[in-house]
Amino acid sequence: LRPASNHKLLTAAAALVLLGADGELQTPFHAADGAVQKGAVLRGDLVARAGADPVHDPDGDGGLGAWLDPLVQALQERGVARIEGDLVLDEGTFLEPGPAPEWPSADQHWKEYCALSGGFSANAGCLQATLVARAPGANVPVSLLPRGHGLEERLGVRAVAGSKPLDVRVGVAGRRATVRGDLPSSAGTWVARFRHPDPVGLFGGAVVARLAEAGVSLSGSVRRVRGAPAGKLLAVCRSKVAAHLLPVLRDSNNSVADQLWLAAGLQGSGRGDREGAAIAVVRALEELGLEAGGLVAVDGSGLSRADRTSSRQLAAVLAALAERPGALRDLLECLPEAGRTGSLEARMAGTPAEGRVRAKTGFIGGTSGLSGYVLDEQGPRIAFSILVNYPRAGGLNTRVFKPLQDDICREFVAWLDR
């Protein structure tokens, strides 16, 4: 069956098994082979090697934050104020960013849930607009991050009376980013995320901009290559695998899931493309002692209508991960909790299942899913997966299949409590 976002559980499993619950995504920065430093000038290119890090903080402002600090500090300690060369992005075996097979139609591709992935990314391939309400009639400043995104900005937001509707339009068309409209004075802080057309270019521009903020200028441009020779290692920028499970499982962030999937592909097969990542998921299942028959993985998010798995396969993966204390800890911390958090906050509230079910939801047209754990006082007792594929018709998921899944979960809880 199509799993929709329940497919992210397979991606999380591959990341936890192949990269490790305490593993890291690493992006090394080197001086180019033959580069030399003369005073405050590094003469030669700065080379970055792709590690598929989404460089995403779900609670951040869309900038690189502290992620680039190891490189900034390394250059400052060496007294480098200018790099006379290019920023070279070595994409290695990672795929060229683009839509997966059977993704949503092109008119949706500007939206956050269609953000692209590759060997490099920044802010999970998205721009983030932050607006803070002002008194009616004032112009509202627009913070659009990451800086250095390389697009023409078309900004213009006006503050209107608090009783008026919020009408702010955002998006990217061609090489133009738009944030325009009316923001009610009662809106407080309003945030919108939308896809950048090129996550690799976004990463390169954001790195150059962050270095400039830190007092390190780059005279050249951003170049993309594969297999660039590199000289001395300057710094490694890192993020924890476990830190990305929260946006994947709680927020259902498609791009972060796809980035983790590609990183697992490089680790498990030596390739950061779709074929390599699919092989890596199979290897992760085999390491868990499970069969991979029937599995089809063309992305890591489940956004594609070509992905296939079964409820039996998903439940078996969850049961196997429950035998690994580190993996189980991370899953339980990140999965939505019935009646309390994430996409389950409003579901099963006030019933015996509240706080007893932690599960990943999933929906695309004609597909509804809920997979996770039922707990008692000692911890997880049941690993379950409910997948429904049905003729595409509006409203069925809300009216029929979500209530069905919630009823089944309440039956699980009642069975445990007998």
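Reply: Start at Glu-337. Setting aside neighbours within four places in sequence, Glu-337 is in contact with Leu-344, Glu-345, Gly-355, Val-357 and Arg-358. This is a predicted model, so every value here is computed from predicted coordinates. Glu-337 sits in the loop between H8 and E16. Its relative accessibility is 14%, and the limit for buried is under 20%. Glu-337 therefore counts as buried.

The loop has a second residue to look at. Met-348 also lies between helix H8 (325-334) and strand E16 (357-364). Its phi is positive, about 65°, although Met-348 is not a glycine. Most residues other than glycine have a negative phi. Met-348 is buried too, with a relative accessible area of 4%.

In H8, the buried residues are Ala-327, Leu-328, Asp-330, Leu-331, Leu-332 and Cys-334. An aspartate, Asp-330, is among them. What do the buried residues of H8 pack against? Three of the partners are helices: H1 (8-19), H4 (241-249) and H7 (311-321). The others are strands: E16, E17 (367-376) and E18.

Ala-319 is found in helix H7. Ala-319 counts as partly exposed, at 35% relative accessibility. Ala-319 and Ser-371 are 52 residues apart in sequence. In space, their C-alpha atoms are 11 Å apart.

Next, the aromatic residues. By the ring-centre rule, the count comes to four aromatic pairs. In one of them, the rings of Trp-67 and Phe-203 have their centres 5.9 Å apart. Their planes meet at 75°, and planes over 60 degrees apart count as edge-to-face, so this pair is edge-to-face. The pair links distant parts of the chain, 136 residues apart. Trp-67 is in the loop between strand E4 (46-49) and helix H2 (69-77), while Phe-203 is in helix H3 (residues 199-213). Both Trp-67 and Phe-203 are buried.

Phe-384 and Phe-412 make another pair, and this one is tilted. The distance is 5.6 Å centre to centre, with 50° between the planes. Phe-384 belongs to strand E18 (residues 379-389) and Phe-412 to helix H9 (residues 396-416), 28 residues apart. Phe-412 is partly exposed, with a relative accessible area of 25%.

One cluster remains to be named. Trp-67, Phe-120 and Phe-203 form one aromatic cluster.

Val-55 lies in the loop between E4 and H2. Val-55 has a positive phi of about 45° although it is not a glycine. At 6% relative accessibility, Val-55 counts as buried.

A further backbone feature is a peptide bond. The bond from Leu-145 to Pro-146 is cis, with omega near 0°. Most peptide bonds are trans. Pro-146 lies in the loop between strand E8 (142-145) and strand E9 (152-160).

Finally, the setting for all this. The protein chain has nine helices and 18 strands. Of its 418 residues, 55% count as buried. Among contacts with a separation of 6 or more, 69% join residues 24 or more positions apart. With 418 residues, a compact globule would have a radius of gyration near 22 Å; the chain has 23 Å, which agrees. Along its principal axes, the C-alpha trace spans about 75 × 60 × 40 Å. The accessible surface comes to about 16900 Å², and 50% of that belongs to carbon and sulfur atoms. There are 46 positive and 45 negative charges, and their mean positions are 4 Å apart.

Methods:
Residues numbered from 1 in each chain as written. Predicted model: local features only at pLDDT ≥ 70, side-chain atom pairs only at ≥ 80, totals over all residues. Heavy atoms only, no water. Helix = DSSP H or I, 4+ residues; strand = E, 2+ residues; numbered from the N terminus. Rg over C-alpha atoms; globule rule 2.2 N^0.38 Å. Buried < 20%, exposed > 50% of the residue type's maximum accessible area, 1.4 Å probe, protein only. Contact = heavy atoms within 4.5 Å. Areas by Shrake-Rupley, 256 points an atom, 1.4 Å probe, with all protein chains shown as cover. Lys, Arg positive; Asp, Glu negative; His and termini not counted. Charge placed at Lys NZ, Arg CZ, Asp CG, Glu CD. Phe/Tyr/Trp six-rings, centres within 6.5 Å; stacked < 30°, edge-to-face > 60°.
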